[in-house]
Amino acid sequence: MSQAVADVHAEHLHTLEPAESPLTPESWGKLGMWVFLCADAMTFGAAIAAYAALRITNVNWPEPRDILGIQTTAVMTFILIVSSVTMVQALSGVKHGNQRKFTMFMAFTILGGLTFLVMQAFEWHHLIWIEGLSIRTSLFSATFFILTGFHGCHVLGGIIYNSVILLRGLAGKITQANSSLVEIAGLYWHFVDLVWILIFTFVYLI
Amino acid sequence: MATQTPEHAEPNYIAVFIYLSILTAIELVIAYARPPKLFLVSSLVSLAFAKAVLVAMYFMHLRFERRTLAMIAFIPAILVTFLTFMLLPDLTTRIWASIDAHEQVRASEAAPAAAPASP
């Protein structure tokens, strides 16, 4: 009798489990990340809109490609896109219970992010120490450093986030059973990639 | 907390990667070709948004999510578009003011050069 009561109680608890969101099929965490990304997207959107407004209203705005290195930045863009691919491969690995594939591709993703940051540091070093640009030099340099710097902070955050996921994976705390934690981290990383695609076009190419 | 991800059709990530690489290569070709400004801006912006949509749909799995979540994700795009159009009236007046100021500077720079030639 007591077992039957316990079963009914367990079933009742199961029906109250809040993980089944009406918005996402499996987790509140994913919904939370999407809401955060929406807020972040509006911050980046406002920054890019302000950049566009300042640029359109200044007839003396320099041609970015004459100052900024497109070739280096194209490589950086390619690296971020590749790191997005390694991220989805890591997710695919953990979903299918392949821990080795998961940890290997997570490590590649982190390596991609680190390479991107190092290249950005070299770019900034060149612009600041060779070209003599600073955030106070002109509107062009101010908007450039703010946009790319804000994005660089997001890349750094993503590297830390992914490193935590990797370490927990290596400790055996992330498995097929809770693979959505990797998917949520992936959402953040792909968003960083998506924003860079827009910044690369608006700031460097146009 | 039940956090296991339900299965959905896994997209061909390598194909998406190839599409993204091709679109980036096209962007670079256009940027180096330096076509007329209108074509440059419209084509590069279109390509950038196409790449962003590819990332959101297939890497972020938005294509496989519920429609309500996709609508939430679409809200920033609507608000940023609205913000940009809100700025337009102010921008148009500033553009003309900027062009006027630029022409005045050019005129003042040209005046001393023209002065010795006048009787």
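Which residue just after α6(A) takes a positive phi? Notes below, with that one picked up in point 3.

1. Ground rules. This is a predicted model, where local features need pLDDT of at least 70, side-chain atom pairs count only at pLDDT 80 or more, and totals for chains, interfaces and linings use all residues. Residues are numbered from 1 along each chain as its sequence is written, while chains are lettered from A and ligands numbered from 1 in the order in which they are written.

2. Chain A overall. You get seven helices and zero strands here, with helices (H or I, at least four residues) and strands (E, at least two) taken as DSSP runs numbered from the N terminus. Of its 206 residues, 38% are buried, i.e. 20 or more other C-beta atoms lie within 10 Å of the residue's own, with C-beta atoms placed from the backbone. Take the contacts (C-beta atoms within 7 Å) between residues at least 6 apart in sequence: 75% of them join residues at least 24 apart.

3. Helix α6(A). Residues 139-170 make up this helix, and its 32 residues should span 46 Å at 1.5 Å a residue; the end C-alpha atoms are 46 Å apart, which agrees. The expected span is 1.5 Å times one less than the number of residues. As for the opening question, A:Gly172 is the residue, with a phi of about 80°.

4. α2(A) against α7(A). The axes of α2 (residues 28-56) and α7 (residues 180-205) of chain A come within 10 Å and cross at roughly 10°. Axes are lines fitted to C-alpha atoms over the stretch in contact, with angles from 0 to 180 degrees between N-to-C directions. The pair is therefore roughly parallel (under 35 degrees). Among the residues that meet are A:Trp34, A:Phe44 and A:Tyr51 in α2(A), and A:Tyr188, A:Phe191 and A:Phe202 in α7(A). By class, the contact has 13 nonpolar, two polar and two charged residues. Nonpolar means Ala, Val, Leu, Ile, Met, Phe, Trp, Tyr, Cys and Pro; charged means Asp, Glu, Lys and Arg; the others, Gly among them, are polar.

5. The A/B contact. Chain B puts in 45 residues and chain A 48. On the chain B side, α1 (13-33), α2 (37-59) and α3 (67-114) each supply at least two residues, and α3(B) has the largest share with 17. That side divides into 30 nonpolar, nine polar and six charged.

6. Confidence. The model scores ipTM 0.83 and pTM 0.83. Chain B has a mean pLDDT (the predictor's confidence in each residue, from 0 to 100) of 80, and 86% of its residues reach 70 or more.

Methods:
Contact = placed C-beta atoms within 7 Å. Parallel < 35°, antiparallel > 145°, perpendicular 65-115°, else oblique. Buried ≥ 20, exposed ≤ 12 C-beta atoms within 10 Å, placed from the backbone.
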